[in-house]
Structures are given as structure tokens and as C-alpha cells.
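Have the sequence and the 3D view ready as you read.

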Amino acid sequence: MKGQKVYIILFEKEGGVIQSVFSSKKRAQEEYDYLVSQYLEPDFIHLVECKVK
């Protein structure tokens with residue numbers, strides 16, 4: 001996994017709780033879009049791209 005990119009969905013409002021981790025950018029984007037559509041305060045949901053060290 002070293003050097004691989006992963007995509008993390010964070011809920012800032014809950015203290016930076018990791019909701020999900022994905023290896024597929026497309027799947028992460030789909031889940032992010034779904035979550036944003038379900039919450040009244042979508043500004044607290046973030047999709048973050050990380051590289052595994």
C-alpha cells in the first residue's frame with residue numbers, strides 16, 4: 001500500500017471523524033456526493049486525498 005493514494009471522507013462537525021476510506025477516487029466521490037445530499041450542513045463533510053507513506 002505504500003505510495004498508494006487513498007480517499008478519506010471526514011465529518012468535521014464530529015471532531016474530524018473518519019466516515020469512510022476508499023482506494024477508488026470514483027467510488028469516494030460517489031459516496032461524498034451522496035452524503036452531501038443527505039445532510040443539512042454539507043460544509044462539514046470533506047473528501048480528502050492522501051498518499052500512504
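## The sheet

Helices (H or I, at least four residues) and strands (E, at least two) are DSSP runs, numbered from the N terminus. Two strands pair if DSSP finds at least two bridges between them. This is a predicted model, in which local features need pLDDT of at least 70, side-chain atom pairs count only at pLDDT 80 or more, and totals for chains, interfaces and linings use all residues. Residues are numbered from 1 along each chain as its sequence is written, and side-chain values use heavy atoms, leaving out hydrogens and water.

Here, three strands make an open sheet with antiparallel pairing, in the order β2-β1-β3. Because β2 (17-22) and β3 (45-51) stand at the edges with a single partner strand each, one side of each has no neighbour in the sheet. Five bridges join β1 (residues 5-11) to β2 in the antiparallel sense, and phenylalanine 11 sits opposite valine 17 in β2.

## The helix

Helix α1 (residues 25-38) packs on the sheet and touches β1, β2 and β3, where contact means heavy atoms within 4.5 Å. Leucine 35 touches Ile9, Phe11, Gln19 and Ile45, not counting residues up to four places away in sequence.

## The core

A nonpolar core is a set of buried Ala, Val, Leu, Ile, Met, Phe, Trp, Tyr and Cys residues joined through side-chain atoms within 4.5 Å; buried means under 20% relative accessible area (1.4 Å probe, protein chains only). Which residues form the largest nonpolar core? Its seven residues are Tyr7, Ile9, Phe11, Phe22, Ala28, Leu35 and Ile45. β1 gives the most to this core, with three residues.

How values were computed. Axes fitted to C-alpha atoms, helices over the stretch in contact; angles between N-to-C directions. Buried < 20%, exposed > 50% of the residue type's maximum accessible area, 1.4 Å probe, protein only.
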